[in-house]
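This briefing sets out selected features of the structure shown below, grouped by topic. It is intended to be read alongside the sequence and the model.

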Amino acid sequence: MRTTRRFALRVNGADHLVEGEPQTPLLFFLRNDICLNGPKFGCGLGECGACTVQVDGIAARACALPVRLAESREIVTLEGLGDGDRPDPVQQAFIDAQAAQCGYCINGMIMTAKAFLTVNPAPSEAEVREALRYNLCRCGTHVEIVRAVMLAAERCRASETAEP
Amino acid sequence: MTNSTPPPSLSRQALLQRGGIIAVVAPRKGAPAGDASESALDLHVCLTAEGRVVAFCGHVDLGTGIRTALAQMVAEELDFPFDAVEMVLGDTADTPDQGATIASETIQVTSVAMRIGATQIRARLIALAAAALACAEDEISLRDGRLYRGEGTAPAIDLDTLLANERLLLPLAESAAFKPMDHHMLIGRSVARVDIPAKVDGSFVYVHDVRVPGMLHGRVVRPPYSGMDAGDFVGRSLVSVDRDSIAGIPGIRALVVEGDFIGIVAEREEQAAEAALALKAEWRSFTPPDLSDVAQALRAHPSTPRLLVDEGDVDAALGTLEKRLDRTYVWPYHMHGSIGPSCAVADVRADGITVWTGSQNPFPLQNDLALLTGLPREQIDIVRHEAAGCYGRNCADDVAADAVLLSRAVGAPVRVQLTREQEHLWEPKGAAQLIDIKGGLGSGGSLPAYDFHTWYPSNAAPTLALLLTGRIPNQPATLRMGDRTAIPSYNYENMRLTAYDMPPIVRASWLRGVSAMPNVFAHESYIDELAHEAGVDPVEFRLRHINDERAAELTRATAERADWQPHVGPRMEADGEILRGRGFAQARYVHGSWPGVGAAWAAWVADVAVNRTTGEVTVSRVTVGQDTGMIVNPAGVTHQIHGNVLQSTSRVLREEVSFSQTTAVAARDWGAYPVLTFPELPAIDVLLVDKQHEAPLGAGESASVPSAAAIVNAVYDATGVRFRELPLTPERVLAGLGQLPPAAPAAPQLPERPPRFGLWSKLGAAFAGATGFAAVSLAIAPAIAPITRPDPATWSAATIERGRQLAALGACAVCHTAKDGVPYAGGFPLETPFGTVMTTNITPDPETGIGNWSYPAFERAMRAGLHRDGRHLYPAFPYANYARTSEADLQALYAFLMSQPAVRQENQPSRMTFPFNLRPLMAGWNLLFRPQGELKPEPARSAEWNRGRYLVDGLGHCSACHTPRNALGAERSGSAYLTGGEAEGWEAPALTKASAGPIPWSEAELYAYLRTGSSQHHGAAAGPMAPVIAELKELPDADIRAMATYLASLSEPLPDAEVEARAGRIELATSAAANPATSPVARLYQGACAACHEPGRAAPLVNAGPALGLSSKLHAATPTNLVNMLLEGGQHGIGSMPSFATALDDRQIAELAGYLRARFAPGKPGWEGIDAAVARARKTTH
């Protein structure tokens, strides 16, 4: 049954009302209604990870997440992590490790890494690779991406120990 | 909607028209002779009085960081700071037409003009300063964008003073003396890429992110001849389009049909996407090519031999060989595999067209669009944005033309996004290749003869819309591009090289290392074979015969870096089941039209590990040396080499386009076309040879070229087996090792079950017989008089609310609402074994609904299955269950229904099979299976249990689906109760101890399932159960708990510890570690399913699906529910699993189902009838 209705989405700390059908993937609303560029359409099947966002702090594949499951939850996109003036440590690490070629997959890499590092703040390189197993990169930037995630983890740990 | 088009850089014309500039210009391609206006001039480099440097390049950045490297070169020659330089790449209105961005020639070839221009501006600036300061030019120096005189430390004159009144247009010189390398300040230094900061915070605007005011969304529907672009049927296969098939979808603005081109424009993207899936079109049939044996297909395809080289007398020399070696090498079709499917925005206006595109070829695209629209190319403005990496030619041009056709149809800007499936199917593939080499060893290890033949099937992949609309002929053309790096690096005394040019078999074009990668796979495998025959170390053997000093130098340097240990023959170093080996290969990539231009040299030492039990090959380390001439940005070159190593390793180990007998290309997702993932990364050691004094050669593709041979040579060293066909899948490797692959899951080839109608017609006959005598003597039930619709105010709000919950429990709306229809207004076709029952309108409309039904009429319907007028209702309406409901509850339900808005909607007739189409016979049915009355509590049980039973057996009518029915369609009684039935083409699993899942239902899991739709030990609700769960949300927690309590009493739950232990054992046995991906279907699972279903993910995922080893669907007796789930997904229900109906074809779904059963329910027998289940599910889901 066609049940178009409004959905209250909380994205990057701001409230948005969007209108659509409950099964429509969250990604369409983020990109077309809220005009965010971070999450990318890659496959629509949850296979590649280019669309990854965080929902309540957990990685989510927005291309395969019906909007009804994201309603009233805390959604964070790449834009919500930080910007050019105040990048998130993970974003800064990706800049410092030059971890992008075309960069289309990078949203997913950063968002997955960010969620992963909250679960495992001191990963081994093998654990980082495992965490990113289902995020596909076609340019072959894997080496730089792993380096960026390791760098981000190191810095986050260093800043935590530095804080009183 | 905001406008995400970035602010334009200073445009060519604006710069040329303003004062205060020095610009280097050239006549614009195609401009009328003698036209001296700005529009007739190309601008290469421009310096403004404010100190901005703008450089223009007709090539584009494909994500390799070329924008940064080009800016470095301009800043270097100009002696300006790097930050002062802005690059404009690929926009047709602004940049010079320098052709397509191919062959890694941007640095090597295209950059030259801007370097010359920068040199010219620098010289003129110094001349101007000298004149202004009345001194000699050699007294002036330019550093970091400032002009100094003599030893002065402060700038002697500023740019503004010098240029404010100038408008100097310098004609581009043919050549210039570039700065000597030892003066380089920027070239040769690693510079951070300018694009990355915006790419990591989402502010970068890819073509996918372009949003223009008033923009609509488009999708295309491609023909069934997937990935084929030549043949009589191309552009001529569409028979008809059923416009009504998308009539119910809101927001549709246009359906555009021209030839075989179909596009849909909608206000919202999801509307266009839905319509593209829903649109019904009829196509003529066609015969796909047989590509089951690529080598055979290439050999059989018509081709034209082209003799590239014929030195000496090869035929005579072949007769002198001491050891003759004739070899054949086979290269599969590959995909570019851009991570983002192509996208474009077009705005077709009266005065011209603007297209925002990620094209690799803006100028050729402009020509194509002129051909498509009939407009002069000057009126077509191509604005280039970065897109997902392309590595050759993907669908970027196709989608731009699609967007133009759609925008033209609606008179508004349209964004077209291809789907993943369309990109996979239609991208012009990297061509397969077949290479024969005849030759061998002469006396003393000499190389007397080399007879090399290479077959390459490709055209230039014409832009699809031109073909589909019939603008250009659909006859095959041939691209002569199979000759790249056809000349080997070794001194063969007599040599004949022949390229067999041929039209494409499937749509093909250039992909990174085009034809050179396959040719070098052959050259460098063959030389390795010769070394082995000669009994010489492979590196040493190469060095003896190599014909190029830079290649020799690189070979020595790379071997040394990798600590190459000379050896003869395969070493086969074993470490348990792992065999280790090391291989070498080198080549110089030669591109461009024959004989071509040499780009960078690259050499590989690859270390591999081969698992001799599973056949899996791991590339553990790659030492890669590159002589790329002058290096502009070392960090950029290193990164590009990493990319080449990883992408080519992926191609060599894993990649191969699969084909189907019905649609040509078969692979439509990352499951069917798997690429390298993070855990498989080799360690990479890059050696950049210092050649800063040489010309720059670019780094785009060269490092890919030796990959295949290096890896195959390493596998030979590890196993003693030589592979001459790729990819090195575990199956191929095991076969090569002379072993059988591990037992594959049973192929779903079992006979189909007898057609359902056969069985049911027999039952029908039985039914007719059983009731025949009774039918004549049965009285037709009397009608109950109609009433005026009661005033809803009759009932209290509390009663209506209670009724609302009961309606949810009964899931009335689930059946009494049509797809996209008004709740309770009926019209849903309920498939039953006896025909299709059309559900009726139960809104209080007096004429078409139940508005004139009194409570007694309603109650009689609920308890006895009789319409108000006395007709018998079909038992698809579960009145046998409803009969057990209490009077008070039925009253409340009546109150609720009567309080709903009345909707006038005529009921449609049901389509029952004989004899069920004879309604009076239903009376006989009732005689046979007379419903029981109101349920009486069992005093020995708890109140909660009794409440649960009341809900389950009454309005909840669980048994209507979950209890098997007898031949006459009545629920079986006794021990069959809730032991599994069927509903709308789904299996309704057993809810008792007969449950097929490996872990019995517990109260907690039943509660979780009924409350959330998902149980960790059983899986997620799907199919007809999903809307039931959605309705149950209305019920209070206590009722859900009561249902769980009652249902749990029908099972034999395990103790918690045993549950955990059993689940753990199952997860372990079904894990990826225990099930290496040694078949295509295993890799399909890995790519398509594992991201969400693999237990033990390193980090949690919101979309995670249940652990498949515990899922009831995998343990069920039939594949029905699994297949349905794969095709329908859970998006429409309570879950988030996407439908794989468009991503996987019937064969893939069937194979996947067979694999999943074998892997995740290893104790259960393989399923029969998977193919039939897929066919059935296809009919009902799409």
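Helix H35 (residues 1120–1128) of chain B is largely enclosed by the rest of the structure, because 9 of its 9 residues are buried. The model is a predicted one. The points below begin with this helix and then turn to the strands, the domains and the contact between the chains.

- A residue is classed as buried if 20 or more other C-beta atoms lie within 10 Å of its own.
- After H35(B) comes B:Gly1129, which has a positive phi, near 70°.

**Strand pairing in chain A**

- Strand E1 (residues 5–11) and strand E2 (residues 14–20) of chain A run antiparallel and are joined by 7 bridges.
- Within this pairing, A:Leu9 has A:His16 in E2(A) as its bridge partner.
- The two strands E1(A) and E2(A) make a hairpin with 2 residues between them, and A:Asn12 in the turn has a positive phi of about 50°.
- E1(A) is also joined to strand E5 (residues 74–76) of chain A, by 2 bridges and in the parallel sense.
- A:Val11 has A:Ile75 in E5(A) as its bridge partner.

**An open sheet in chain B**

- Three strands of chain B form an open sheet in the order E31-E32-E33, with antiparallel pairing.
- Strand E31 (829–832) and strand E33 (911–912) of chain B are the edge strands, each pairing on one side only.
- Between E31(B) and strand E32 (residues 835–838) of chain B there are 4 bridges, in the antiparallel sense.
- Opposite B:Pro829 stands B:Met838 in E32(B).

**Domains of chain A**

- Chain A is assigned domain 1 (5–81) and domain 2 (89–162).
- The C-alpha centres of domain 1 and domain 2 of chain A are 21 Å apart.
- Each of these two domains of chain A contributes 15 residues to their contact.
- On the domain 1 side, strand E3 (52–55), strand E4 (58–61) and helix H2 (78–81) of chain A each supply at least two residues, and E3(A) gives the most, with 3 residues.
- That side of domain 1 of chain A comprises 9 nonpolar, 5 polar and 1 charged residues.

**Domains of chain B**

- The assignment for chain B gives domain 1 (12–186), domain 2 (207–225 + 238–283 + 338–425), domain 3 (294–312 + 431–736), domain 4 (788–928) and domain 5 (943–1181).
- The C-alpha centres of domain 2 and domain 3 of chain B are separated by 36 Å.
- Contact between these two domains of chain B involves 21 residues of domain 2 and 21 residues of domain 3.
- Helix H9 (362–373), helix H10 (396–410) and helix H11 (420–426) of chain B each supply at least two residues of the domain 2 side, to which H10(B) gives the most, with 5 residues.
- By class, that side of domain 2 of chain B has 9 nonpolar, 3 polar and 9 charged residues.

**Contact between chains A and B**

- Chain A places 69 residues in contact with 72 residues of chain B.
- Elements giving two or more residues to the chain A side include helix H1 (26–33), helix H3 (89–96), helix H5 (125–131) and helix H6 (142–162) of chain A.
- H4(A) gives the most to this side of chain A, with 7 residues.
- The chain A side divides into 36 nonpolar, 21 polar and 12 charged residues.

Methods. Residues numbered from 1 in each chain as written. Chains lettered and ligands numbered in written order. Predicted model: local features only at pLDDT ≥ 70, side-chain atom pairs only at ≥ 80, totals over all residues. Domains from an automatic or database assignment. Contact = placed C-beta atoms within 7 Å. Nonpolar A, V, L, I, M, F, W, Y, C, P; charged D, E, K, R; others polar. Pairing = 2+ DSSP bridges. Buried ≥ 20, exposed ≤ 12 C-beta atoms within 10 Å, placed from the backbone.
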